[in-house]
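The following explanation leads the reader through a protein structure, from the overall fold to individual residues. Please keep the sequence and the structure in view while reading.

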Amino acid sequence: MFSRCTDASKVALVHLVAALRRNGFALLDTQFPTAHLETFGCLTVPDETYRLMLDHAVGIGASWNEDLSLDSLRQEIIRLREGSNAWHDV
């Protein structure tokens, strides 16, 4: 990722996570953990566990039908800041 402002990608990630959670998504594959991703509940899991998580996530039927304006995401972003950040909190 690149940006013109330092840490802009981190802000974008906060909004992505909020939008995914708001719309019922249960899994975001980041491929590599970082300290920043761990603040969202990022976990390294064995392949078999990941396949089970993926099967569950695909079966949820989440969609992008919700309003994704900043106002609609504000409450989810506040929840993330308050510590309800892990996907298992959804």
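The paragraphs below treat the chain as a whole and then turn to selected residues.

The model discussed here is predicted. The protein chain contains four helices and zero strands, and its elements follow the pattern α-α-α-α when read along the sequence. Of its 90 residues, 22% count as buried. The chain exposes about 6,600 Å², of which carbon and sulfur atoms supply 55%. Among the contacts with a separation of 6 or more, 78% are accounted for by residues 24 or more positions apart.

Leu 20 belongs to helix H1. With a relative accessible area of 7%, Leu 20 is buried, because the limit for that class is under 20%. Glu 76 stands 56 residues away from Leu 20 along the chain, and the C-alpha atoms of the two are separated by 9.9 Å.

Helix H4, which covers residues 70-82, includes Ser 72. Is this serine buried or exposed? Its relative accessibility is 13%, so Ser 72 counts as buried. A polar atom of the Ser 72 side chain lies 2.8 Å from the backbone oxygen of Ser 69. The cut-off for a polar contact is 3.5 Å, and that distance is within it. Which residues does Ser 72 touch once its neighbours within four places in sequence are left aside? They are Arg 22 and Asp 67.

The next topic is aromatic pairing. A pair of aromatic rings is described by the distance of the centres and the angle of the planes. The count for this model comes to one aromatic pair. Phe 25 and Trp 64 form this pair, with 5.1 Å from centre to centre and 35° between the planes. The arrangement is classed as tilted, because planes under 30 degrees apart would count as stacked and those over 60 as edge-to-face. Where in the chain do the two partners lie? Phe 25 is placed in the loop between helix H1 (8-22) and helix H2 (35-38), whereas Trp 64 is placed in the loop between helix H3 (47-60) and H4. The pair therefore ties together parts that are 39 residues apart in sequence.

Trp 64 also takes part in a feature of the surface. Its relative accessibility is 45%, so Trp 64 counts as partly exposed. Together with Leu 16 and Leu 68, Trp 64 forms a nonpolar patch on the surface. The accessible area of these three residues together is about 270 Å².

Asp 7 is not a glycine, yet it has a positive phi of about 70°. This aspartate is found in the segment before H1, and it is partly exposed, with a relative accessible area of 44%. Gln 31, likewise a residue other than glycine, has a positive phi near 70°. Gln 31 lies in the loop between H1 and H2. At 62% relative accessibility, Gln 31 counts as exposed, because the class begins over 50%.

Conventions. Residues are numbered from 1 along each chain as its sequence is written. This is a predicted model: local features need pLDDT of at least 70, side-chain atom pairs count only at pLDDT 80 or more; totals for chains, interfaces and linings use all residues. Side-chain values use heavy atoms; hydrogens and water are left out. Helices (H or I, at least four residues) and strands (E, at least two) are DSSP runs, numbered from the N terminus. Buried means under 20% relative accessible area, exposed over 50%, partly exposed in between (1.4 Å probe, protein chains only). A polar contact is a pair of N or O atoms within 3.5 Å; within protein, one must be able to donate a hydrogen and the other to accept it, and residues adjacent in sequence count only if both atoms are side-chain atoms. Contact means heavy atoms within 4.5 Å. Accessible areas come from the Shrake-Rupley method with a 1.4 Å probe; for residues, only the protein chains shown count as cover. Rings of Phe, Tyr and Trp (its six-membered ring) pair if their centres lie within 6.5 Å; planes under 30 degrees apart count as stacked, over 60 as edge-to-face and the rest as tilted. Patches are made of residues with over 30% relative accessible area and no salt bridge: like charges are joined within 9 Å, nonpolar side chains (Val, Leu, Ile, Met, Phe, Trp, Tyr) within 5 Å. A salt bridge is a side-chain nitrogen of Lys or Arg within 4 Å of a carboxyl oxygen of Asp or Glu.
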